[in-house]
Amino acid sequence: MTQLHPVAEPHTEGMLDVGDGNRIHWAECGNPRGKPAVFVHGGPGSGAWTNSRGYFDPERYRIILFSQRNCGRSTPHASDPATDLSHNTTEHLIADMERLREHLGIERWLLFGGSWGSTLQLAYAERHPERVSEIVIAGVTTTRRREIDWLYNGVGRFFPAELERFRAGAGDVEGDTFDVLAAYARLLADPDPEVRNKAARDWSTWEDAAISLEPNGVPNSYSDRPSRDLLAMTRICAHYFSNAAWLEEGVLIREAHRLAGIPGKLIHGRLDLSGPVETAWELTKVWPDAELVVIDDSGHTGSDAMRAAMRAALDEFAVRPARG
């Protein structure tokens with residue numbers, strides 16, 4: 001197994017008021033005078049991962065963790081159907097990251113994360129390139145409509161029975177992938193807990209199926225989450241993906257030239273069926289400062305080789321001076 005760094009415990013944490021009745025939880029660990037780095041979690045809605053800290057050298061990095069709106073320890077929580085998600089969009093999350101950076105007095109920070117977190121990293125960095133020193137992404141996505149349709153429809157070519165069950169879980173829906181996802185968004189906000197719980201199980205069962213062929217994957221990676229966290233994640237996922245994350249189609253790749261001068265490491269599993277490597281490859285065509293590292297034995301949930309590459313990228317950037 002890859003030896004990660006000792007996990008640094010938070011020495012400072014708090015709740016940041018970001019408006020609209022929302023407060024996001026943040027924590028800081030590592031060296032207070034180290035290189036600032038922020039972990040941008042996936043999902044959307046999975047909450048900050050405690051095990052992400054082991055990728056950072058706590059002697060060299062000032063490590064910032066935060067849970068995006070309505071998940072993790074942020075409030076109000078999306079598992080409560082009364083929680084209004086209308087103020088939870090990609091634009092809101094970009095603004096939250098910038099507000100957190102300012103709150104912590106950070107000039108520039110390294111961005112690290114993957115999956116949905118890569119979409120948010122790219123959206124933030126293209127909006128505020130002067131605030132980003134480096135970017136490390138494991139599992140590159142840009143949440144284009146074509147990527148969403150692949151994950152919740154196209155992958156069904158390999159899992160037709162499972163896809164049929166997933167679509168049936170949305171109820172009697174006639175329409176495309178986005179109509180199915182919108183139906184799930186309604187079910188996951190239903191006042192009846194049995195309706196919400198069934199929709200969360202149906203959604204996570206499909207997510208588990210989509211990664212089930214990965215040789216180094218973790219079985220039931222999604223459905224084994226605690227009920228409250230699963231409800232929040234699936235509800236926020238349905239909310240974002242049914243709306244294509246409120247992003248103009250292809251904008252993050254089209255505007256990646258704005259990242260010129262920002263070094264990047266794009267680490268992607270060759271066997272990532274739910275998010276094929278072509279998106280990462282397309283991104284490098286527009287962002288010349290990004291290096292694509294393809295891990296042959298890894299899918300979306302990673303492998304020992306992928307974890308080693310993630311640590312190596314962060315170790316490399318730890319000793320690189322931030323841009324002046």
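The chain exposes about 13,300 Å², and carbon and sulfur atoms supply 50% of that area. Accessible areas here come from the Shrake-Rupley method with a 1.4 Å probe, and for residues only the protein chains shown count as cover. This is a predicted model, so local features need pLDDT of at least 70 and side-chain atom pairs count only at pLDDT 80 or more, while totals for chains, interfaces and linings use all residues. Residues are numbered from 1 along each chain as its sequence is written, and side-chain values use heavy atoms, with hydrogens and water left out.

Overall figures next. Of the 324 residues, 56% count as buried, where buried means under 20% relative accessible area, exposed over 50%, and partly exposed in between, with a 1.4 Å probe and protein chains only. Along the principal axes, the C-alpha trace spans about 55 × 45 × 35 Å.

The chain has 10 helices and 8 strands. These are DSSP runs numbered from the N terminus: H or I of at least four residues for helices, E of at least two for strands. Among contacts between residues at least 6 apart in sequence, 74% join residues at least 24 apart; contact means heavy atoms within 4.5 Å.

Now the domains. Domain 1 covers 12-142 and 248-317, and domain 2 covers 147-245, with bounds from an automatic or database domain assignment. Their centres, taken over C-alpha atoms, are 22 Å apart. Across the boundary, 34 residues of domain 1 are in contact with 33 residues of domain 2.

Let me turn to single sites. E98 sits in helix α1, residues 90-103. Is E98 buried or exposed? Its relative accessibility is 10%, so E98 counts as buried. Beyond its neighbours within four places in sequence, E98 is in contact with Y124, H128 and R131.

S298 is in the loop between β8 (290-295) and α10 (304-318). The relative accessible area of S298 is 0%, so this residue is buried. Leaving aside neighbours within four places in sequence, the contacts of S298 are G269, R270, L271, D272, S303 and M306.

Helix α9, residues 278-286, has T279, A280, E282, L283 and T284 buried. Which elements cover them? The cover includes α2 (116-127), α3 (145-152), α8 (251-254), β7 (264-269) and β8.

Last, the backbone. Most residues other than glycine have a negative phi, and most peptide bonds are trans. The bond from G43 to P44 is cis, with omega near -5°, and P44 is in the loop between β3 (35-40) and β4 (61-66). T75 and P76 are also joined by a cis peptide bond, omega about -5°; P76 lies in the loop between β4 and α1.

S115 is not a glycine, yet has a positive phi of about 55°. S115 is placed in the loop between β5 (109-114) and α2, and counts as buried at 18% relative accessibility. A244, also a residue other than glycine, has a positive phi near 50°. A244 lies in the loop between α7 (227-241) and α8 and is buried, with a relative accessible area of 4%.
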